[in-house]
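Have the structure open as you read.

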Amino acid sequence: MSQSSSTPHCDSCGTDRKSPLSREVKTYGNWAWFLILFGISSKPTSVAFQCSKCGQIFDRLSPEELEHYV
């Protein structure tokens, strides 16, 4: 599997954002958890990408990407 040097990927497995082996790890603020308890959706404060094979966090959304995150 060939990886471009410009796309972040897992060092040991080569997993990238679009791989089925990557998973999003979302972090929410205190008010967001309160809203989620009542069934109101909220945007996360950060989103990291983790390899499900080895557990390495290899990428995070930039503030610009997070602003448009759905």
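A salt bridge here is a side-chain nitrogen of Lys or Arg within 4 Å of a carboxyl oxygen of Asp or Glu. With that in hand, Glu65 and Arg17 make one, their closest N and O atoms sitting 3.0 Å apart. Glu65 belongs to helix 2 (residues 63-67) while Arg17 is in the segment before strand 1, so this pair ties together parts that are 48 residues apart in sequence. Keep in mind that the model is predicted.

How many salt bridges does a search of the whole structure find? The count is 3, and here they are side by side:

| Salt bridge | Closest N to O distance |
|---|---|
| Arg17 and Asp59 | 2.6 Å |
| Glu65 and Arg17 | 3.0 Å |

Since Arg17 lies in the segment before strand 1 (22-27) and Asp59 in strand 3 (residues 57-60), the contact ties together parts that are 42 residues apart in sequence.

What about the Lys26 and Glu24 pair? Lys26 is partly exposed at 37% relative accessibility, and Glu24 is partly exposed with a relative accessible area of 37%. As for shared partners, salt bridges join Arg17, Asp59 and Glu65 into one network.

Is Asp59 buried or exposed? Asp59 has a relative accessible area of 13%, and since buried means under 20%, this residue counts as buried. Arg17, at 28%, is partly exposed, and so is Glu65, at 33% relative accessibility.

Now for the greasy side of things. Which residues make the nonpolar surface patch? Trp31, Phe34, Leu37, Phe38 and Ile40 do, and the patch covers about 670 Å². One of these, Phe38, is placed in the loop between helix 1 (30-37) and strand 2 (46-51). Phe38 reaches 61% relative accessibility, and because the cut-off for exposed is over 50%, Phe38 counts as exposed.

Conventions
Residues numbered from 1 in each chain as written. Predicted model: local features only at pLDDT ≥ 70, side-chain atom pairs only at ≥ 80, totals over all residues. Heavy atoms only, no water. Patch = residues over 30% accessible without salt bridge, like charges linked within 9 Å, V, L, I, M, F, W, Y side chains within 5 Å. Areas by Shrake-Rupley, 256 points an atom, 1.4 Å probe, with all protein chains shown as cover. Helix = DSSP H or I, 4+ residues; strand = E, 2+ residues; numbered from the N terminus. Buried < 20%, exposed > 50% of the residue type's maximum accessible area, 1.4 Å probe, protein only.
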